Amino acid sequence: LTKLIIDVIEIKMVSDSIDLFKKILYLGVVRFLGFFSPMIYLGVLIRNYGLSGYGEFAQALAISVIFMQVIDYGFNLHVPKAIAENKNNKKIFQLIIVAKFINVLISSIIITSYYVFTGNNVVTAGIIVVYLFIQVFNISWLLQGRERIKELSYYFALDKIIFIIMILLLTWYKVDASTLLVSLCVSSIFSILYQYYNSYRDEIIDFNLKGIKLYELKELYSSSWGYFYSRMAFSLYSNAGVLILSMLSTSEIVGIYSSVEKIYGAAKSMMGVVTTNLYPYMCRTKNIYIFSRFFCLFTFISIISCLLVSYFSNEILLIIVSNVTDDMSRLLIVFMLCLFFCVPSMLIGYPLLGAFGYANIVNSSTLYTCLLYFILIALSFYFYKIDIFVISIIVLITEIFCFCYRSVFVFKLLRDNYNVQSIS
């Protein structure tokens with residue numbers, strides 16, 4: 001009987017592993033295409049607007065990404081976990097819609113004020129605000145919580161394809177570089193409509209907001225706070241380089257840094273495929289055995305990929321720009337070194353530590369990493385200088401720190417788990 005039970009458990013584990021791998025493969029194909037998509041539109045933008053014009057677009061895009069975290073407020077991490085553990089939470093949809101709308105109002109005031117006082121194009125601020133308002137209705141968190149990975153994959157693919165098409169169309173019409181953000185709005189509208197087309201029958205989707213209580217909103221904000229400051233810190237130190245360079249350097253320098261950093265960001269986005277699927281799965285199963293297999297597999301893949309990109313750095317950059325300098329090649333190699341530490345750090349974050357009740361450790365590690373980033377930026381500014389290489393080295397140092405910090409608690413988790421198994 002004992003042998004039969006063990007055999008059944010092993011079969012179930014293999015079945016879970018295959019099912020999880022299929023889900024990752026769905027999103028993996030989409031994000032793999034997403035990895036190459038920046039090379040398509042970056043090349044078009046840089047050839048038509050130059051590095052200086054692309055630098056203006058990159059600055060507006062960085063602001064959009066940062067304030068996207070304000071709108072989400074950690075809901076994309078907290079809510080899928082709550083839905084995975086309690087699939088019939090009918091009021092969560094209304095609460096998130098109201099909370100996101102409040103966040104958009106606050107963000108729009110900050111963004112408009114910034115653009116007015118700095119003398120930048122206010123039209124760009126308006127486009128960013130419209131984009132953020134559209135994101136109020138984004139329900140990717142629901143698809144993730146329901147583990148409907150095929151629909152989530154199609155959503156990402158549709159969003160990316162329409163974005164690229166709009167970039168190409170707007171470039172053909174020779175619009176102002178800052179106005180290119182309209183492509184984000186259009187792609188978001190169509191991809192979100194697709195979400196609702198596939199989810200309108202879900203029982204928790206209800207736009208009747210009359211029953212919302214203030215204490216419920218406070219509870220939602222409170223429970224998502226740790227995820228919010230974690231994602232906000234991550235977004236700040238991931239996008240701050242572009243904003244810092246835009247204040248201290250020319251738009252051309254911003255364009256050089258952003259064009260190379262986009263490849264690094266695309267690679268991290270591909271790794272997000274694995275964490276997106278692993279996190280709700282690990283919250284539900286707590287299966288360390290399957291996690292360890294995926295950890296080894298995707299860490300190995302990332303190492304090989306980084307080595308290949310580093311070796312063919314000139315050839316890859318030639319797809320984006322016509323003249324590749326040694327500075328750009330070295331910058332890309334530094335960012336590939338960052339991935340050596342970033343990938344395992346992402347894997348042991350929410351999918352492992354978060355699923356086992358250490359979400360506060362994951363959140364604090366991101367916050368401390370952000371603080372370290374800005375401390376090093378300040379020290380470099382006062383005692384040395386700020387340029388694209390200094391910022392890239394600071395990114396590398398912070399990624400190493402984040403990985404080491406999380407690893408300490410992973411060893412503690414594995415030790416405690418081993419001791420429990422030994423006692424039982």
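Helices are DSSP runs of H or I with at least four residues, and strands are runs of E with at least two, numbered from the N terminus. The model on display is predicted: local features need pLDDT of at least 70 and side-chain atom pairs count only at pLDDT 80 or more, while totals for chains, interfaces and linings use all residues. Residues are numbered from 1 along each chain as its sequence is written, and side-chain values use heavy atoms, with hydrogens and water left out.

**The second largest pocket**

Select Ile63, Ile66, Phe67, Tyr114 and Leu243, which lie nearest the centre of the second largest pocket among its 16 lining residues. Helices α1, α3 (92–118) and α8 each give two or more residues to this lining, and α8 gives the most, with seven. A pocket here is an open set of points on a 1 Å grid over the protein atoms alone, with protein on both sides within 12 Å along at least five of seven lines; a cavity is a set where a 1.4 Å probe fits but cannot get out, and lining residues have an atom within 4 Å of a point. The pocket holds about 340 Å³, a volume being the space filled by probe spheres set on points joined across faces, edges and corners. Colour the lining by class to find 14 nonpolar, two polar and no charged residues; Ala, Val, Leu, Ile, Met, Phe, Trp, Tyr, Cys and Pro count as nonpolar, Asp, Glu, Lys and Arg as charged, and the others, Gly among them, as polar.

**The second largest cavity**

Next, select Tyr237, Ser238, Tyr257, Glu261, Tyr264, Lys268, Phe335, Val395 and Glu399, which line the second largest cavity. Its space is about 50 Å³. Helix α9 supplies the largest share of the lining, four residues. Three of the lining residues are charged, five nonpolar and one polar.

**The nonpolar core**

Tyr257 also belongs to the largest nonpolar core, of 126 residues, where it is among those touching the most other members, along with Phe57, Leu132, Trp141, Tyr373 and Ile391. Such a core joins buried Ala, Val, Leu, Ile, Met, Phe, Trp, Tyr and Cys residues through side-chain atoms within 4.5 Å. Buried means under 20% relative accessible area, exposed over 50%, and partly exposed in between (1.4 Å probe, protein chains only).

**Two single residues**

Move to Ser140 in helix α5 (residues 140–145). Ser140 is buried, at 12% relative accessible area. Finish at Cys306, buried at 3% relative accessibility. Its sulfur lies 9.3 Å from the closest cysteine sulfur, in Cys342, too far for a bond.

Methods:
Disulfide = S-S within 2.5 Å.
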